[in-house]
Amino acid sequence: MSAVRFDPSGPLRGELRPPPDKSISHRAALIGAIGDGPTRISGYLDSADTRSTLAAVSACGAKVSEGDRDGAGGLFVEVEGVGLRGGARAAEIDVGNAGTLLRILPGWLAGQGEGEWTLDGDESIRLRPVDRIAAPLTAMGADVSCRDGRLPPLRVRGSALRGIDYEPPVASAQVKSCVLLAGLLAEGETTVRERIPTRDHTERMLAAAGAEIRRDEGAVTIAPAERIESGDCAVPGDFSSAAFFCAAALLVEGSELALSEVGINRGRIGLLTILDRMGVEMSDSDRGGSGLAVREVREPGPEPVATLIARRSPLRGAAVGAEDVPAAIDELPIVALLACFADGETVVSGAAELRSKESDRIATVVDGLRGLGAEIEARPDGFAVNGTSGLRGGRLEAQGDHRLAMLGAIAGLASEEGVEVEGFDAVAVSYPAFERDLRSLLS
Ligand code: S3P
């Protein structure tokens with residue numbers, strides 16, 4: 001297993017275009033596969049997770065061709081779809097570590113006229129609940145089954161579907177996306193309700209591909225379709241990857257980073273609201289000083305993008321509650337790290353969902369940071385951190401979780417003694433060039 005050391009560092013300075021968005025890359029390949037004709041994706045994330053999606057759609061009969069790589073590590077990919085009702089080829093699908101693939105693809109497969117598919121993956125994927133998609137799909141008339149009624153492998157047999165009106169018990173963009181894809185193939189309309197909005201990449205991309213989607217306050221309704229056609233798609237930078245650099249700049253004295261072409265979908269940037277509450281000065285222009293500026297906001301395609309400027313900032317403890325969680329779900333480990341350097345206590349609650357991620361992120365974040373000297377305690381639905389204005393350092397085990405590996409690296413730069421990250425190669429799931437990019441910003 002790989003161990004990589006990150007020593008206390010001087011300022012991080014310069015510009016970086018973070019890697020392409022993982023959520024949008026998965027969806028671009030999936031929607032391309034169910035579309036008619038070719039979908040040309042520029043800036044497709046080249047990572048283990050998104051490669052699993054390319055392999056999965058190929059196994060279902062889509063034709064995938066790869067072109068050149070761009071400067072930010074994105075690939076040009078063309079997906080020749082099999083068509084919405086084109087009869088996906090029966091297959092045994094290895095999703096690797098990709099929860100998004102595991103939970104979204106079955107929506108399409110469930111409504112195929114015939115065929116049988118099995119979705120399975122690595123050790124960590126086998127612990128990730130799929131009853132959350134099995135329940136609504138079954139209510140739509142699908143034939144799905146899973147291990148112990150809850151876990152992968154997931155078996156799907158194509159059948160006739162009917163529309164439903166559904167509110168997932170936990171806020172989840174993956175579940176919403178799965179039900180919407182099934183809705184395209186169902187008889188009658190399908191509505192998904194959510195009290196707290198989650199990322200809406202699927203809705204935006206399906207609308208751009210010609211699907212009939214209606215979005216009202218707290219609900220999205222999709223009509224059945226005969227075909228969709230997604231055409232071209234440019235993937236913006238991943239806010240969740242950029243967030244690690246923002247954290248590094250906020251923590252390390254003298255830092256100033258510009259992160260360009262970052263996707264700022266409203267369902268993704270809850271970290272900015274939390275940072276504001278933690279006392280980080282937020283602005284939409286760049287007047288210098290400390291904190292975070294969101295500049296050059298524009299909408300070149302279905303998704304808004306911006307440049308983020310991040311500088312060292314003092315931090316204070318804050319309360320993070322259930323309503324903050326969906327839009328910051330993947331960034332809560334970063335909140336835990338920042339809280340170690342804040343003045344006062346930070347409490348995250350309403351985030352039990354963290355226990356069902358690539359690792360049990362309440363346990364792994366709490367154990368990992370405590371091992372580096374943090375005063376942090378696990379709660380059933382979150383954690384509490386007593387800010388002590390720093391971290392000693394030490395060893396952190398990534399537990400096969402890419403976000404924990406990156407967290408350890410940033411902790412190392414901001415710590416007194418540095419951090420050795422065991423199992424650092426987990427970063428390949430979402431950001432294979434993370435270490436190279438991080439070191440390029442250190443002066
Ligand atoms: C994702 C949704 C979130 C997030 C995951 C990616 C997506 O999961 O944590 O990393 O691409 O839709 P949930 O839908 O389980 O909240």
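## Terms and model

Helices of at least four residues and strands of at least two are DSSP runs, numbered from the N terminus. The structure described here is a predicted model.

## A loop and a proline pair

Asp148 is placed in the loop between strand E8 (143–147) and E9. Its phi is near 55°, which is a positive value in a residue other than glycine.

Strand E9 covers residues 151–157 and contains Pro153. The peptide bond that runs from Pro152 to Pro153 is cis, and its omega is near 0°. For comparison, most residues other than glycine have a negative phi, and most peptide bonds are trans.

## The ligand and its shell

The ligand takes up the space of the largest pocket. Around the ligand are 13 residues, of which Ser23, Arg27, Ser172, Asp330 and Lys357 come nearest. Sorted by class, this shell holds 6 charged, 4 polar and 3 nonpolar residues.

Three helices each supply at least two residues of the shell: helix H1 (22–34), helix H3 (99–109) and helix H5 (173–185).

## Contacts with the ligand

Ser23 has a polar side-chain atom 2.7 Å from an oxygen atom of the ligand. For Asp330, a polar side-chain atom also lies 2.7 Å from a ligand oxygen atom. In Ala173 the atom concerned is a backbone N or O, and it lies 3.1 Å from an oxygen atom of the ligand.

When the ligand is taken alone, it exposes 380 Å², and the protein buries 95% of that area.

## Aromatic pairs

Across the whole structure, a search finds 6 aromatic pairs.

Phe245 belongs to helix H7 (residues 239–251), while Tyr431 is in the loop between strand E26 (419–422) and helix H12 (434–440), so the pair ties together parts that are 186 residues apart in sequence.

How values were computed: Residues numbered from 1 in each chain as written. Predicted model: local features only at pLDDT ≥ 70, side-chain atom pairs only at ≥ 80, totals over all residues. Heavy atoms only, no water. Near = heavy atom within 4 Å. Polar contact = N/O pair within 3.5 Å; in protein donor to acceptor, adjacent residues only side chain to side chain. Areas by Shrake-Rupley, 256 points an atom, 1.4 Å probe, with all protein chains shown as cover. 1 Å grid on protein atoms, 1.4 Å probe; cavity = no way out; pocket = protein on both sides within 12 Å on 5 of 7 lines; lining within 4 Å. Sits in = over half its atoms within 2 Å of the grid points. Nonpolar A, V, L, I, M, F, W, Y, C, P; charged D, E, K, R; others polar. Phe/Tyr/Trp six-rings, centres within 6.5 Å; stacked < 30°, edge-to-face > 60°.
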